[in-house]
Amino acid sequence: MPIERASTALSRFKVLDLTRVRSGPTCVRQLADWGADVVKIEMPVTDDGGQLGGPRSGSDFQNLHRNKRSLTLDLKKPAGIEVFRRLAKEADVIVENFRPDVKRRLGIDYETLSADNPGLVYASISGFGQDGPYRDRPGFDQIAQGMGGLMSITGKPGDGPMRVGIPIADLTAGIFCSQAIMIALLEREVSGKGQWVQTSLLQAQVFMLDFQAARWTMDGEVPKQAGNNHPTSIPTGVFKTTDGYMNLAVAGQEIWMRFCRAIDRMDLAENPDYADGKLRSKNRDALNAEIEAVTLTRSTADWVERFNAAGVPCGEINDIRQAFENPQVEHLGMAQPVDSQERGPSHLVGQPIIMSRTPSRIAAPPPTAGQHSDEVLRGAGYSDDDIARLRADGVI
C-alpha cells in the first residue's frame, strides 16, 4: 500500500529524488514533509557504511529521508536510464545535486527530459553553480563557509577563522532550492511551463551573510570577528552568571534604559561613555566588564526572570538536550515520534512551520532500499514480468 502523506498541502505533486548527502535531501525533505509523493532513486546495492551521509540506520539518514518511497535503479545501465525517463515524463519535479556534468553525461538533464515533459520543474544544487570558473570543483559545506565569508566573521577576534556548528551552507542551499521549486510550481499554474531552477552552496552562503554582506556592498566595510558580541548592537552577547552563562540583547535606547534599571545601575545610563549606541559600541570592552561584574551576582534563572519582567531580551544558553527539554520547544512539538524500520520507536526533528489547515507530520519512516520499487514501477505501467526482468538484470 502507498505510504501515508505527511500533509495535503503538496499532495498533488510527484517528485523524483536523485539527491545525496545533505543539501539535496534537505530540499526534498521540505517537499516530502508537506505531502508531495517523493520517490527516492538509489543504487540497487549500496555499502551504507561507505556512503557519504552515513548508514541507513544512522540518525542523520533517518532525519533526512522520512516521508519518502524508495526505488532502486542503476542509472549506469541503459535500461535504468530508460526507466527513469519514463518516470520523468509524469513527474512534476526532479531534484539532483550531482556535479554539473553528470546529468548531461547520463542524458537526464533538463533540456533532454523537458522535451517530453514541458511542465517539468528540474532543480539542481551544486557546490559553486552550474557554470562559471568553479563549476567543476567539488563542493562541501565547510569549503563554502570559508569561501563565502562566514568563517571570517565567526569566532573570537584573533583566534583565526571558525566554522559554525551546523552545515549551514548545505542546509540553506537545500531550503532555498525547495523555495525555488515552489515558486516555479506557482508560476507553472500561469504559464503551463516548467523550468530549470538552480542554487549552490556558495550562493546560499553569500546570501546568508545578509546585513554583514550589505555592510560591504553598501558601505565598503569589511566586517571582522566579534565573538559572542553582536557586531553592531552593544551590549548584546554572552555574560557569566553564578552558575553558567546567559545571553543578553540590549538593542536600542529604550531597552538600554530598561536594562540599567533592571540591574540597579542607572549610573551606567548616565555615563557619557555609554550615552548612545555608537559610544557603547566604541567602549564595549569596558561596558561588558561592568555588566559581567553585575551578572556574576545571581544565577541564570534569576536573571532571566528579572530581565523578562523588565522587558529586556535575554535567555539561558542550552546544550542540545536542554534545548529539546525546554518547555516551549516541547510545546511547539519539534521532536516528533516515528517508528523507524531500523531503530524502532524514535523521534525526528519536525518542521518549524505551523499551518492551520494543512499541517506537516512525520507520516512514514525512511524507506528501506527499494522498498517501493514494484509499486512505483507498476504505477508507471510496467508489468510483473517487466519488473522481474529488470530485477534479474540488476537494473532495480
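I looked up Asn-67 and found it in the loop between α2 (59–64) and β3, where helices (H or I, at least four residues) and strands (E, at least two) are DSSP runs numbered from the N terminus. The model is a predicted one, in which local features need pLDDT of at least 70 and side-chain atom pairs count only at pLDDT 80 or more, while totals for chains, interfaces and linings use all residues. Residues are numbered from 1 along each chain as its sequence is written, and side-chain values use heavy atoms, with hydrogens and water left out.

I noted that phi of Asn-67 is near 60°, a positive value in a residue other than glycine, and that Asn-67 counts as buried because its relative accessibility is 3%; buried means under 20% relative accessible area, exposed over 50% and partly exposed in between, with a 1.4 Å probe and protein chains only.

I then checked Asp-210, in the loop between α8 (201–208) and α9, whose phi is near 50° and likewise positive in a residue other than glycine; at 52% relative accessibility, Asp-210 counts as exposed. Most residues other than glycine have a negative phi, and most peptide bonds are trans. I also recorded a cis peptide bond joining Ile-234 and Pro-235, with omega about 0°.
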